[in-house]
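Biologist: Please take a close look at one part of this model. I would like the sheet and the loops around it.

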Amino acid sequence: MSSLLSIGKSGLLAAQVGLSTTGNNITNANTPGYNRQVAIQGDTGTQYQGFGYVGTGTEVEAVRRFYDNFLATSLRNAEANQASLDAYSAQIGQIDNLLADPTAGLSPALQDFFNGVQNATASPASSAARQSLLSNAESLASRFQGMSARLNEVAAGVNNQMVSNVGEINAYAKKLADINNTIAGLTTSTAEPNDLLDKRDQMLTELNKLVKVTVTPGDNNMLNVQFGTGQPLVVGNKPFQLGTSTSPTDASRITIGYATDSGAFTELPDTVFTGGQLGGLIEFRDGAMDRAQNSLGQVAAGLATAFNAQHVLGQDQNGALGTNFFNPINAYVGTNTRNSPLSTAQVTAVVTDAGGLTASDYSVDYDGTNFNVTRKSDGKITQINPFPQTTPQVIDGVSYSITGTPQPKDNFLVRPTYNAAKDITVAIKDRDKIALAAPIATAAPTTNVGNGKISAGSVDKNYLTPGNAVTAPITLTYDKASGSFSGFPPNQDVTVTVNGTATVYPVGTPVPYTDGANISFGGVNFAISGTPADLDTFTVGPNTSGVGDSRNGALLGALQTKNILDNGAATFQTTYAQMVNYVGTKAREAQISGTAADAAVTQATKAQQEVSGVNLDEEAANLLRYQQAYQASGKVMQVASQLFDTVLSIGR
């Protein structure tokens, strides 16, 4: 009888554990990270009774949680990718809306500016047209500055989110180390603290949404957590803390690395932070964000530089040569804070050639002998030669001047166009100083016998070389016998270009006449056509009455449709359009990838829940099954009690 009572009792206890486990599953069905549990029963063995072996009951061997590490890892990876794309998409959407806005974008302001140039060119003597041009220029500069400010606001927001994410990562790392330690203390050879394991897995899930991590088993049921290419975040019960700092070459940029309680900071490369919100933010910042700012700056710097280059070749209403229309664009130069304190080297970079500009950043490094300028977009290296410099060296449209005494491993970051949109300003405030006229004038006297004609003429940048400016009329005389012209300046070679082929005639050499050929000397360019007669003359002199002249204005207006940027492959508008298209394409890619990531998370969640999730219908069935088992075991004990009473009654 006692054995029967014991058997019933064991079944009663097992059913009770089953009921508790099932009830726990039901109440935690909606708890994030909860894994379904089940009570595992086994028999307690048998006893030999002479005629055979008789069972002794049952026992609960363990309460096991249904957990599949492969499915859990797949779900974490899918969620890390989803979080990364969501963060990326949210940020790039702001830039896409800014650039593509038909009213707030750059295109309308560019169009209005060149409309102002064309109107002033059409009426060069009109004060109203000139003032309107200045107003349009100020509006264009303001539009550049406004867009740059908005991009900087987005960049500042990214910095703040990165700092916040690092703080959350550190909090999770500490919690994981603590719970690792607790789990290790509660784990036995036959039992594990299931609820704590679930909490730890949920922490890993939340951490993985911040930055993609890799989880490996450690000692005594603890887990080790790494990110990137194996950088440790949690090792057993020891957390590693991350920190943020400003970039050593750019105070507006946040870097992430390991931080210690003593304040030491070891910077980590951006490439180790992949996946999760932090990975998405860094990918956005280092990709679309930098390209948008650099490309916008490329348009601003290119416009300012090209417009200035043409404007200084003109003549204003006061009869003086033109000055810079926009203030020069200085590239951002960041001196590495880790440079030797003994170094006195300084790098100055000024944008001088619109066509050579790229949207890349550059690293300037001193190897102990030479300075090397590395273009970060493709790794191309250009050496500053010679050093010390005798004159500035132009690399990709930027003039580099390096002074002082450098030390080995000195480093500088040069961003030629990064701040250009913010820095562009109009230099001219007086409408009379807008140089719409050309500084030279040509003429063919009415006394000429032949029908030769001379073009209006223009000047190029060589005209600005000291000694080349025309200060008095130059008279060219045609000699029919030799078929050549004479009278050119005695100190300048003459270049004659026929069908694209240039021939240089040294000082004092007769210059043969070719109908329609372009003739140039000292930056002065013109063409003579027709059939001049013997001793016919043509004059080239300073423009003494240029108030109604708009030849330089026409050249300024032509810059709108001229392929200037990207080494003569793109206009200002097409370069801006390419940037808008790039950002729009990236935004669309992020949306499409985000939709795919959502589907992947849904699929991975379904697969994981099929194993670990709580099915309320199944649990309800289990509840009835354990209830019946409990009642049946109680009945066994009741029968055992009645039998025992029967035996006792026999003795009475």
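Modeller: Five strands form an open sheet in the order 12-19-14-15-16, and the pairing is antiparallel. Strand 12 and strand 16 (381-383) are the edges, each pairing on one side only. On average, neighbouring strands of this sheet are turned by 20 degrees against each other, direction ignored. This is a predicted model: local features need pLDDT of at least 70, side-chain atom pairs count only at pLDDT 80 or more, and totals for chains, interfaces and linings use all residues. Residues are numbered from 1 along each chain as its sequence is written, and side-chain values use heavy atoms, without hydrogens and water.

Strands here are DSSP runs of E, at least two residues, and helices are runs of H or I, at least four, numbered from the N terminus. Two strands pair if DSSP finds at least two bridges between them. Strand 15 (residues 371-375) and strand 16 are antiparallel over three bridges. Thr-374 stands opposite Ile-381 in strand 16.

The Asn-385 to Pro-386 peptide bond is cis, with omega near 0 degrees. Phe-387 and Pro-388 are also joined by a cis peptide bond, with omega about 0 degrees.

Lys-409 lies in the loop between strand 18 (398-403) and strand 19 (411-415). Its phi is near 75 degrees, a positive value in a residue other than glycine.

Methods:
Axes are lines fitted to C-alpha atoms, for helices over the stretch in contact, and angles run from 0 to 180 degrees between N-to-C directions.
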